[in-house]
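This report concerns salt bridges and helix packing in the structure shown below.

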Amino acid sequence: MVLQDLIEFGVMPEFMGRIHRIVNLQPMTLDDYYRIIDSGCGPVRHVQEQYGVEIRMTECRRRGLAEDAFRSGLGIRGMENRIR
């Protein structure tokens with residue numbers, strides 16, 4: 001996406017000077033969700049810190065959570081709700 005794309009989409013040209021950076025993002029993959037499960041800022045860690053508990057999951061359960069998040073489109077928040 002370039003500035004002209006935003007203008008054609010309807011963003012007023014006067015606001016374009018306020019946009020510091022435009023970043024194109026790609027949809028998350030199943031592997032992305034799987035890697036995030038146990039990351040330092042992932043849903044398992046967040047729930048553990050929030051409730052003061054230790055969460056242990058089998059590899060199969062981790063993969064299932066990642067697949068659910070990927071297929072449903074509910075993303076990381078949906079995954080975190082399932083963990084709770």
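With which residue does Arg84 form a salt bridge, and how far apart are the closest N and O atoms? The partner of Arg84 is Glu80, with the closest N and O atoms 2.7 Å apart; a salt bridge is a side-chain nitrogen of Lys or Arg within 4 Å of a carboxyl oxygen of Asp or Glu. The model is predicted, local features need pLDDT of at least 70, side-chain atom pairs count only at pLDDT 80 or more, and totals for chains, interfaces and linings use all residues. Residues are numbered from 1 along each chain as its sequence is written, and side-chain values use heavy atoms, without hydrogens and water.

Seven salt bridges are found in the whole structure, including these:

| Pair | N to O distance |
|---|---|
| Glu54 and Arg56 | 3.2 Å |
| Asp68 and Arg82 | 2.5 Å |
| Arg84 and Glu80 | 2.7 Å |

Glu80 is buried at 13% relative accessibility, whereas Arg84 is partly exposed at 43% (buried means under 20% relative accessible area, exposed over 50%, partly exposed in between, with a 1.4 Å probe and protein chains only). Both Glu54 and Arg56 are exposed.

Asp68 has a relative accessible area of 28%, and Arg82 one of 47%.

Among the residues in contact (heavy atoms within 4.5 Å) are Leu65 and Ala69 of helix 5, which face a set in helix 6 that includes Met79 and Ile83.

Terms used: Helices (H or I, at least four residues) and strands (E, at least two) are DSSP runs, numbered from the N terminus.
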